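Here is a short briefing on one structure. Topics are grouped below.

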Amino acid sequence: MTTLITHPLPVLALGLALGPRVIPPRLLLAGLLFSLLPDADVLAFKFGIAYADAFGHRGFSHSLLFAGLSGVLGALCCRLLNCGPFKAFAWIALACASHSLLDAATDGGLGVAWLWPWSEQRFFLPWRPIEVSPFVHNFFSQRGLDVLASEARWVWLPCLGLALTGITLRALYARLSSPCRPPSRRASAP
């Protein structure tokens, strides 16, 4: 899995790039939370559910169906999120799906059950550059630092680039679209 530090970053970067007029702050915050939600499946270990089980880690909560149902919940709460139902659905579903996309780009684990409940097959992306994160007990080690360095290279820096590019483009657009005012003329004293 990717670390919980990294999962919200693509959502945050895109939200910052698009700006608060497109993605209201409440919707952005909800997206950040839903980008973390799929990893609530680690609680399954406490109930004796195996990693490879459909309800285990990277199982149903990482599926496209789960992301879609999360989007439906977002649409139902659209007024609280200060946006319309379609925008809430799309943003929350994409935020949730971004979690499993990042996990599918890691170099370890069992893959992601994108097609659950129609298939329990686990999938990875063809390109898997992100080092898989150790669980908490091994996180504060050299392995954990290696994972953070991998995530910084493959996720954090591209997200920073996306956010800064979007913010810069929005500022340029605002500057170019604002009406030009002629310079003020001061009344000259005789």
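T106 sits in the loop between α4 and α5 (136-139); helices (H or I, at least four residues) and strands (E, at least two) are DSSP runs, numbered from the N terminus. The model is predicted: local features need pLDDT of at least 70, side-chain atom pairs count only at pLDDT 80 or more, and totals for chains, interfaces and linings use all residues. Residues are numbered from 1 along each chain as its sequence is written, and side-chain values use heavy atoms, with hydrogens and water left out.

**T106 and its partners**

- T106 counts as buried because its relative accessibility is 0%. The cut-offs are under 20% relative accessible area for buried, over 50% for exposed, and partly exposed in between (1.4 Å probe, protein chains only).
- The T106 side chain makes a polar contact with the side chain of R58 at 3.0 Å. A polar contact is a pair of N or O atoms within 3.5 Å; within protein, one must be able to donate a hydrogen and the other to accept it, and residues adjacent in sequence count only if both atoms are side-chain atoms.
- The side chain of T106 also reaches the backbone oxygen of G108, at 3.4 Å.

**Backbone geometry**

- Most residues other than glycine have a negative phi, and most peptide bonds are trans.
- R58 lies in the loop between α2 (25-36) and α3 (64-76). Its phi is positive, near 65 degrees. R58 is buried, at 0% relative accessibility.
- N82 lies in the loop between α3 and α4. The phi of N82 is positive too, near 60 degrees. With a relative accessible area of 47%, N82 is partly exposed.
- W116 and P117 are joined by a cis peptide bond, with omega about 10 degrees. P117 is in the loop between α4 and α5.

**Packing of α1 and α4**

- Helix α1 (residues 9-18) packs with helix α4 (residues 85-104) at an angle of about 140 degrees, and their axes are 10 Å apart. Axes are lines fitted to C-alpha atoms, for helices over the stretch in contact, and angles run from 0 to 180 degrees between N-to-C directions.
- The two helices, α1 and α4, are therefore oblique to each other. Angles under 35 degrees count as roughly parallel, over 145 as roughly antiparallel, 65 to 115 as roughly perpendicular, and the rest as oblique.
- On α1 the contact (heavy atoms within 4.5 Å) uses P10, V11, L14, G15 and L18; on α4 it uses W91, A95, S98 and L102.
- By class, this contact of α1 with α4 has 7 nonpolar, 2 polar and no charged residues. Ala, Val, Leu, Ile, Met, Phe, Trp, Tyr, Cys and Pro count as nonpolar, Asp, Glu, Lys and Arg as charged, and the others, Gly among them, as polar.
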